[in-house]
Amino acid sequence: MSLEALNERVKQDLAYLAYGGADWVRPLAHPEGHVYDVVVIGGGQSGLAAAFGLLRERISNIVVLDENPEGTEGPWETYARMVTLRTPKHLTSVDLGIPSLTFRSWWEAQTGAEGWEQVDKIPRGDWMNYLRWYRRVLNLPVINDVRLELIEPLEKGIHRLHLGGHGAPSQTILARKVVLATGIQGGGEWHVPPMISQRLPEHLYAHTSKHIDFDTLKGKKVAVLGGGASAFDNANHALTEGVGEAHVFVRRKVLPSVNPIRQMEVSGMIERFHALSDGEKYAAISHFFKFNQPPTNDTFERAAAWEGFQLHLDSPWLDVQPQGEGALVTTPHGEFYFDFLIVSTGLLSDPALRPELKIVAEHIARWSDRYDAPPDIANALLDAHPYLSSGFAFQSRDEEGQKLLHGLFVFNYSALASCGLSASAISGTKNAVPKLVTAVADQLFLDDKEHILSSFLAYDEPEFVGRWPKVVTG
């Protein structure tokens, strides 16, 4: 099968499902102009899948906005530096149950069934190419080079979105519902320890989420802080790009070997996380944070195979100071000089850190507002996560915020505490997107229920036209 044939099969499959039927949502008029039923912020894998899910629900008055140029949405062509995805290849995701839309169908259309059998893990670049195809074959309404700067709640459940970027269709647009499909960093910000950010000039360090000019580091000595998968991805990538030495520093005495995601994928934890109590959710995610995600075996072996690779266990950074043209790092085992530091210390999830939420952030309920964790599992990072509904909607910590937050949905990594492994995780996409779409559709329906019910009660269009006794004509 060719890609052209697969494209036709996708169209046929969707036609069999009556995809693209007439909208059921009542259009809203507003003095400022057009009102979108849903605006999705983010055109990566989560945003694209959300848009497809909404279209399947016959909600087509939507638009997806992404701040990146077309084809570079998400991390895959920017800061992701792994060779392959970490997710097992057999897990489905953005296809939402349509076999012809799976990565496997796309791959086999180009390589045949034998090509799929030869794949161990999905190459990162091929995953991005698949997402480009997915967007194109579904003709999803994405506008690139548009940045959301501010969400301004208006009256009657409408939000004015202030936009920037040279692709913005206007300075503002109106939306009834907003889905923040803004990736791993979209719920807060990447974290750089103050001992680095407050002591070193910016040209001496970068978080793994940032652009790094490895050409300027050829032959030089680089340190990577962190023991997770991303740290080893970056060490291997740096050495591949010609860095002389890459030293990975881990505070643990032994690298973690357990990946809790693998257990979640087979135990029902991903599909049924919403059924747990708050206490059970908190305990599960607190446990998840302790392990996080270790490097894959192949990534570790790639990095360790380089002559310039060094691993420093039981080596937290106690101090960092500029020295000469580089930086001096102090650990319990001595001092080390480096030309550049790569920081792989994760992120902070807190709505207060997001500039687009500054009008409503004080009203957003956090986990610390709704659950008092036992001391042995209490986690300040988890406490700062937004406390969401099972359908990814913001909840208010006060009565004043209820109207302001109505219509705002969070489909980024900060949903982890409330909704489990879902947004920004390929493993959770196929189960999370339908929950999100259902919640958005339900809210649109309930917002208009008086009109819908009155129209239903007033409906009197005859359908049956039979008569009895039958009239016999000549």
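A salt bridge is a side-chain nitrogen of Lys or Arg within 4 Å of a carboxyl oxygen of Asp or Glu. Side chains of opposite charge can pair when their charged atoms come close.

Before the examples, a note on the source. This is a predicted model, where local features need pLDDT of at least 70, side-chain atom pairs count only at pLDDT 80 or more, and totals for chains, interfaces and linings use all residues. Residues are numbered from 1 along each chain as its sequence is written, and side-chain values use heavy atoms, with hydrogens and water left out.

The structure has 21 salt bridges. I will go through some of them.

Take K218 and D215, whose side chains form a salt bridge at 3.9 Å, N to O. For exposure, buried means under 20% relative accessible area, exposed over 50%, and partly exposed in between, using a 1.4 Å probe and protein chains only. K218 has 46% relative accessibility, so it counts as partly exposed. D215 is at 53%, so it is exposed.

Salt bridges that share partners also join R26, D37, R176 and D448 into one network. Within it, D37 and R176 pair at 3.9 Å, N to O. D37 sits in strand β1 (residues 35-41) and R176 in strand β6 (residues 172-180), 139 residues apart. Helices (H or I, at least four residues) and strands (E, at least two) are DSSP runs, numbered from the N terminus. Both D37 and R176 are buried.

Last, E70 and R135 form a salt bridge, again with 3.9 Å from N to O. E70 is in the loop between β2 (62-65) and α3 (103-117), while R135 is in helix α4 (residues 124-138), 65 residues apart. Buried or exposed: which is E70? E70 is exposed, because its relative accessible area is 61%. R135 has 13%, so R135 is buried.
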